[in-house]
Amino acid sequence: SNCFILLLSVVFLGVSTQPITDGRLFSIAVGRVQHLHLLAQRLFSDFESSLQSEEQRQLNKIFLQDFCNSDYIITPVDKHETQRSSVLKLLSISYRLVESWEFPSRSLSGGSAPRIQISPKLSELKTGILLLIKANQDGADLFPDSSALQLAPYGNYYQSLGADESLRRTYELLACFKKDMHKVETYLTVAKCRLSPEANCTL
């Protein structure tokens, strides 16, 4: 409803006298995910720099054989499929990726960036993407199977872990968060570009 969209707008944009447009919403959402991606890169770099070289080598090897908690979400396989995807599809995938991190983000920590910064930023970004979906979907139900998409806590991250296992889990969590924020940044940037017919949206 219009009231729901207006409420989301106030949450996402704050009180503003400027007109709310798709272009403005996209710009804010892209800016927010760029900030989260930079934060993810910094967290990962800080964690890597705290490791011994042998630890880092072993973790790199393990991570290549492992998978991320969000891998159940079907995403474009390459940049060509990303460019062929509709704006709504890119928004839907971005929403699911961000949503998949709301719970695990509470365990993100490392270096100079406290984890408390991350969860509220993800919630704000999710609100913004939902606004864009509402503005673009024309009544289509993008989440017919949403009940099947409820995520359990991140793997067995919350079980009691030994020192080595805890190190591996932290590495996986930070690496996956960085990877997924990069994906969302790419999808939102391409979707935003589609608003300008004359723009070149190549990746």
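This is a predicted model: local features need pLDDT of at least 70, side-chain atom pairs count only at pLDDT 80 or more; totals for chains, interfaces and linings use all residues.
Residues are numbered from 1 along each chain as its sequence is written, and side-chain values rest on heavy atoms, with hydrogens and water left out.

The secondary structure of the protein comprises seven helices and zero strands, where helices (H or I, at least four residues) and strands (E, at least two) are DSSP runs numbered from the N terminus. Read from the N terminus, the elements follow the order α-α-α-α-α-α-α. Of the 203 residues, 41% count as buried; here buried means under 20% relative accessible area, exposed means over 50%, and partly exposed lies in between, as computed with a 1.4 Å probe on protein chains only. Among contacts (heavy atoms within 4.5 Å) between residues at least 6 apart in sequence, 79% join residues at least 24 apart.

Helix α6, residues 118-136, has 19 residues and reaches 27 Å from its first C-alpha to its last, close to the 27 Å expected at 1.5 Å a residue; the expected span of a helix is 1.5 Å times one less than its number of residues. The buried residues of α6 include Ile118, Ser119, Leu122 and Leu125, together with the run Lys126, Thr127, Gly128, Ile129, Leu130, Leu131, Leu132 and Ile133. Helix α5, residues 87-100, has 14 residues that should span 20 Å at 1.5 Å a residue, and this agrees with the 20 Å between its end C-alpha atoms. Twelve of the 14 residues of α5 are buried, so this helix is largely enclosed by the rest of the structure. Among the buried residues of α5 are Val87, Leu88, Leu90, Leu91, Tyr95, Arg96 and Ser100.

The packing of α6 against α5 was then considered. The axes of α5 and α6 come within 9 Å and cross at roughly 155°, where axes are lines fitted to C-alpha atoms, for helices over the stretch in contact, and angles run from 0 to 180 degrees between N-to-C directions. The two helices α5 and α6 are therefore roughly antiparallel to each other, given that angles under 35 degrees count as roughly parallel, over 145 as roughly antiparallel, 65 to 115 as roughly perpendicular and the rest as oblique. The crossing of α5 and α6 is left-handed, a term used if the near helix is turned anticlockwise from the far one by less than a right angle, with right-handed used if clockwise. Residues making this contact include Leu88, Leu91, Tyr95 and Val98 of α5 and Leu122, Ile129, Leu130 and Ile133 of α6.

Helix α6 also meets helix α2, residues 22-49, and the axes of α2 and α6 come within 10 Å and cross at roughly 150°. That angle makes α2 roughly antiparallel to α6, and the crossing of α2 and α6 is left-handed. This contact is made by residues including Leu25, Phe26, Ala29, His35 and Leu36 of α2 and Ile118, Lys121, Leu125, Leu131 and Ala135 of α6.

The structure holds one disulfide, defined as a pair of cysteine sulfur atoms within 2.5 Å. The bond joins Cys68 to Cys176, with an S to S distance of 2.0 Å, and the link is left-handed, with -90° about the S-S bond. The pair connects distant parts of the chain, 108 residues apart, as Cys68 is in the loop between α3 (53-65) and α4 (79-84) while Cys176 is in helix α7 (residues 163-193). Cys68 counts as buried because its relative accessibility is 2%, and Cys176 is likewise buried, with a relative accessible area of 0%.

Individual residues give further detail on how separate stretches of the chain come together. Val87 is located in helix α5, and its C-alpha atom is separated by 9.7 Å from that of Leu132, 45 residues apart along the chain. When residues up to four places away in sequence are not counted, Val87 touches Phe26, Ala191 and Arg194. In helix α2, His35 is partly exposed, with a relative accessible area of 40%, and the C-alpha atoms of His35 and Glu185, 150 residues apart along the chain, are separated by 9.5 Å. Leu51, which lies in the loop between α2 and α3, is buried at a relative accessible area of 11%. Leaving aside neighbours within four places in sequence, Leu51 is in contact with Gln56, Leu59, Leu167 and Tyr171, and the C-alpha atoms of Leu51 and Leu167, 116 residues apart along the chain, are separated by 9.4 Å.
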